[in-house]
Structure formats: C-alpha cells, structure tokens
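Me: I'd like to go over the charged pairs in this model with you. Could you start with the term we need for accessibility?

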Amino acid sequence: MEKIKMKLTKEEKDILNGAQGPTMAKIMNTLVMFGELAGAKRMVPITHEGHLVTSFGISLIKPLYRIMDEIINAGIAAKWKFTADPRPIDYKNVKCNLLNKLIFSKIMYGQQARYEEQLKKVGLTKNNDFSCTCYLPEMGNTPKYGDILSWAESSAVVFANSVLGARCNRNSGMIDLFGCIVGKVPEFGLLLDENRLANWVVELKTTSLPDAQILGSAIGLTVGDGVPFIKGLDKYLGKELNDKAISYLKDMGAASASNGAVGLYHVQNLTPEAKKNGLKMIATGAKKLIITDKVLEQVYKNYPILWKNMDAKPYMCFIGCPHLSVEQLIDWTHKVTQGLKQNNQQKLSVRTIFTTSPAVLEAFSNTPEYLQLLETGAHLSCICPLMYMNNPIAGKKPIITCSNKLRTYTSARFYTEAQILDIITGKKEK
Ligand code: F3S
C-alpha cells in the first residue's frame, strides 16, 4: 500500500485491504495497478453501463472462467450492468460444414454456454445483448455527453468518445469488467481534458465523400494512437448527426481504431466536442495530414491479399463489421435489389451475410425491406465475423468483405462497398 502513488479514498483503501472480501480486493488491486502503470492520480466513478469485449467462450482461456466462477462464488455482481460483443457462432445463418461445427463446438468455443451463464450472473443487461454496436438506440446502451465508461471494444470506444462525447480509454478485456464491478476506473488518457485535444489536423480534399472504411484506414495508418481533428467531412455529411452520418462515422472510426489505434477523433462542425469548442480542440503544434483521392487509392492498393489463389471465386461475403445499423440494412437492401435487376439476376451470386445486433435485426424485421433482402438470398446474422474466421479452416476460405477491421485481423479480402455490390449482384466484367 505504501508504494501506491495514486490518491485513494478511504473506501477504496478499505476495499484493497479486504473490507469487501478477498476477491473484491484482488479486483480493486488490478484496477489500481493498471492505473499506476498508466500514471493515473486517482480513481473516478463510472456513470453509465459497461460493455465487454470478451463475448466468446474460447476453450483455451481457462483462467477467464475460473475468475468468473470466483466472482460468482463470492456473491459479487457488477455495480454497472453491461452489454457484450457479438457471439462467435450462428450455425443456422452462417455456413458451417461438419468439420467446422466440430472445431467450433469442441475445440474453439466449447465454453460458450458456460461463459454466457457466467456473464448473466455477473451483470449482462439482457440475455441477448451481444453486439459491438451496443451504443445504437435499438440496443440502448447509449452513453450521454461526458459519461465516464468502462468499455474495451475498440470500435465502440472510439464511437462513444468521438460521436457521443463520452470518456473512455481503450481498455483490455477483464479491465472493462473489473471497472463495472467496482464502479470506478483509473483516471488517465482520454478521461482527461488535455488528452482530448487533437494532435493531428486531417484535411479532406477529395472530390466526393470517401469510402468510410478507407478514409478511417488512411487516418489510422498515419496518426496511430493520435487524436485527429478532421476538416472537410461536414461538406458531405452535413452538420447534424443524422442516421447517415452516424453510420458513416461508426465505420470510419472502427477502421481508424483497427488500422491504427485511434480512440477519439473530432469532425469539424459535426461531432460534439468539435461543435462545442471549434478549433480550440486542436493542440498547439498539431501535425497535418492531407487526404486526396490519390492518397486513398494508394492506401487501398497497399492492402495485402492473403489468398493463395488470387482468382478464386468468393466462398462467402461478410458485410457488417462493426454491426450494421437499420439505416445501413435498408440502404443495402435497396442497392442489392437494384443491382440484381440491372444485372438480370434473381439471387445474389455469393453467399452474403449481413451482420447486425439482435435489437437492430428485430427493428429491421418490421420494415418492408426485411423480406426484400431475404428474397435476394442474403442471410442475416448477429455473429462477429472475425470470430467466425479465426480458425484454420474458415481462415483458408476465399472470403470477401468491405470491413477494414475484418481485413486487418483475418485473411478476408477487402473491396470497397461499391465493388462488393458489383460482385455479389453478379455484374459481368466488360
Ligand atoms: Fe464487431 Fe466483431 Fe467487427 S466485434 S467490429 S463484428 S470484429
């Protein structure tokens, strides 16, 4: 205790000393050590529900289930309930042969049912609350401006910080849970005003609205874990955070967080802190990045293609990493039906899985577009495609995607949304 530099309250010290039992003391100790390493001066209360990145019962991570059992046996429940990232499997909607199923159920995700039970006991908000887009209104885990969070999923953290103006660091799995249990997180990084200032100014000088996934990638690859202030995007997205802007920023942010390590960005005249404080959100000495059509083309051309056979026919296509919004599902439905018509096709020529959250799927099922999309042969699922692809068998299949995050972490081949549309609707090359 003498070695701890952080200023702890009496209650925090008491917890560390075991006043709430040995398990709680270990949890608090982990958070304090994490804070010490990051140079935090104190712990601060979280003010909104949590979100966990660890949603998959991978058999190999045995300590996770042991720790969860210890928490449950000690009678501890999270102070703040939480949602969790998407589940890894959905045999009904995502093609799996017998060998795949065997690998998933016996080797890869053999602990899924046990882990989900543990999550429910510790504080999962609702039985079906598995999605990385927990912040969309249908899922309901939507922080407000200034809320302090204990989240870890990188695409959700960057959205909450940037688009909602909440405050959260890019935590790791288990730290997110421990913060929810104690109800506090160490104060450092993006929780502090000074670290929310932009140290990069990104000037958009393209001839049209760029593909969100490539723009996010170009920003992330250059700024790394910096905070960019983006100028020129409001010209295309407008000055209001409407459904279109939210969907665009969701995808752009996820790409910047996975191709780099961006946890917060500002968009001039659009995102809350940039709207409130204008150019005052730019730190003195901020570096400059100019984005033109040529820069984006170069970024795209540099993506490695990990397929053995470059000319292989796509086995499957994943659209929706991060999970799609209702607006995006409706938009895809219109584009896909139109594309099929133009190409004289009845059904999609590649097995295509649109991934979304359970709550968005329910909302989408009440729109006329729901049946239209299914009629094209498309499938809807709530899984995480990355988890599906993260095994030697699925990883070898020629899978295509318009998600830069999925491209980064798997062997999926990236195409822009416009190219994906042409491929899946069977457009013949001229
Ligand atoms: Fe979400 Fe999984 Fe992609 S968590 S962002 S669908 S990798």
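Reply: Partly exposed is the class between buried, which is under 20% relative accessible area, and exposed, which is over 50%. Please keep in mind that this is a predicted model.

Me: Ok, which class does K335 fall in, then?
Reply: K335 has a relative accessible area of 30%, and therefore counts as partly exposed.

Me: And which side chain meets K335 in a salt bridge?
Reply: That is E417, with a distance of 4.0 Å from N to O. Because E417 lies in helix α19 (residues 417-424) and K335 in helix α13 (residues 326-342), the pair ties together parts that are 82 residues apart in sequence. E417 is partly exposed as well, at 24% relative accessibility.

Me: How many salt bridges does the structure hold?
Reply: The structure holds 20 salt bridges, and one of them joins K288 to E203, where the closest N and O atoms are 3.4 Å apart. Since K288 belongs to strand β8 (residues 282-291) and E203 to strand β5 (residues 198-204), this pair ties together parts that are 85 residues apart in sequence.

Me: Is E203 buried or exposed?
Reply: E203 counts as buried, at 18% relative accessibility, whereas K288 counts as exposed at 54%.

Me: Which residues are linked with E203 in a network?
Reply: K205 and K288 are, the three being linked in a network of salt bridges.

Me: Switching topic, what does D129 pair with?
Reply: D129 forms a salt bridge with K126, and their closest N and O atoms are 4.0 Å apart. D129 counts as buried at 6% relative accessibility, while K126, at 52%, counts as exposed.

Methods. Residues are numbered from 1 along each chain as its sequence is written. This is a predicted model: local features need pLDDT of at least 70, side-chain atom pairs count only at pLDDT 80 or more; totals for chains, interfaces and linings use all residues. Side-chain values use heavy atoms; hydrogens and water are left out. Buried means under 20% relative accessible area, exposed over 50%, partly exposed in between (1.4 Å probe, protein chains only). Helices (H or I, at least four residues) and strands (E, at least two) are DSSP runs, numbered from the N terminus.
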